[in-house]
Amino acid sequence: MLDPQLLATLQRLPIFAGMPPQQLERIARIARVARLDPGAVVFRQWDVARGFYMLLSGSGQLIQQGADGGQRLLSTVMPNQYFNEAALTDVSFHIPAGKKL
């Protein structure tokens, strides 16, 4: 189902500027909106990039874990900012095989 509010938000992002409307609508249809509790971890350092994330409300932090176990704040993410765009550029992927049992 197409969420008009999500589509409008995507249209405002520079990363999608100039994208044909049909392609942007396709992205909006497969996008998932998740509501997370404060302190929830979206992904950890060294995880495989599996998703492109955009913050719709609230704030988040990108934190780097040091070898000594300490943490360093890399960036604060605010509404309408996106992160983990590396997931969009990874052209190597695997499609799992399915089998009916």
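Contact here means heavy atoms within 4.5 Å. Helices (H or I, at least four residues) and strands (E, at least two) are DSSP runs, numbered from the N terminus.

The structure is a predicted model, in which local features need pLDDT of at least 70 and side-chain atom pairs count only at pLDDT 80 or more, while totals for chains, interfaces and linings use all residues. Residues are numbered from 1 along each chain as its sequence is written, and side-chain values use heavy atoms, with hydrogens and water left out.

**Exercise 1. Which residues does Ala87 contact, leaving aside its neighbours within four places in sequence?**

Step 1. Begin by finding Ala87 in helix H3, residues 86–89.
Step 2. Setting aside neighbours within four places in sequence, the contacts of Ala87 are Ala49, Arg50, Gly51 and Phe52.
Step 3. Now look at Tyr53: its C-alpha atom is 9.3 Å from that of Ala87, and the two residues are 34 apart along the chain.
Step 4. For accessibility, buried means under 20% relative accessible area, exposed over 50%, and partly exposed in between (1.4 Å probe, protein chains only). Ala87 has a relative accessible area of 22%, so Ala87 is partly exposed.

**Exercise 2. In what order do the elements of the protein chain run from the N terminus?**

Step 1. Count the elements: the protein chain has three helices and four strands.
Step 2. Read from the N terminus, their order is α-α-β-β-β-β-α.
Step 3. For the chain as a whole, 14% of the 101 residues count as buried.
Step 4. Take the contacts between residues at least 6 apart in sequence: 46% of them join residues at least 24 apart.

**Exercise 3. At what angle do H1 and H2 pack, and how far apart are their axes?**

Step 1. Two packed helices are described by the angle between their axes and the distance between the axes. The axes are lines fitted to C-alpha atoms, for helices over the stretch in contact, and angles run from 0 to 180 degrees between N-to-C directions.
Step 2. For H1 (residues 4–11) and H2 (residues 21–30), the angle is about 125° and the axes are 9 Å apart.
Step 3. Angles under 35 degrees count as roughly parallel, over 145 as roughly antiparallel, 65 to 115 as roughly perpendicular and the rest as oblique. H1 and H2 are therefore oblique to each other.
Step 4. H1 contributes Leu6, Leu7, Leu10 and Gln11 to the contact, and H2 contributes Leu24, Glu25, Ile27 and Ala28.
Step 5. Sorted by class, this contact of H1 with H2 holds six nonpolar, one polar and one charged residues. In this scheme Ala, Val, Leu, Ile, Met, Phe, Trp, Tyr, Cys and Pro count as nonpolar, Asp, Glu, Lys and Arg as charged, and the others, Gly among them, as polar.

**Exercise 4. Which residues make up the largest nonpolar core?**

Step 1. A nonpolar core is a set of buried Ala, Val, Leu, Ile, Met, Phe, Trp, Tyr and Cys residues joined through side-chain atoms within 4.5 Å.
Step 2. The largest such core has eight residues in all: Leu6, Leu7, Leu10, Leu13, Phe16, Leu24, Ala28 and Met54.
Step 3. Both H1 and H2 supply at least two residues of this core, and the largest share, three residues, comes from H1.

**Exercise 5. Is Ile30 buried or exposed?**

Step 1. Ile30 is found in helix H2.
Step 2. With a relative accessible area of 66%, Ile30 is exposed.
Step 3. Compare Glu25, another residue found in helix H2. At 29% relative accessibility, Glu25 counts as partly exposed.
Step 4. Leaving aside neighbours within four places in sequence, Glu25 is in contact with Leu2 and Leu7.

**Exercise 6. Where does Asn80 lie, and what is its phi?**

Step 1. Asn80 lies in the loop between strand E3 (71–77) and strand E4 (82–83).
Step 2. Most residues other than glycine have a negative phi. Asn80 is not a glycine, yet has a positive phi of about 70°.
Step 3. At a relative accessible area of 34%, Asn80 is partly exposed.
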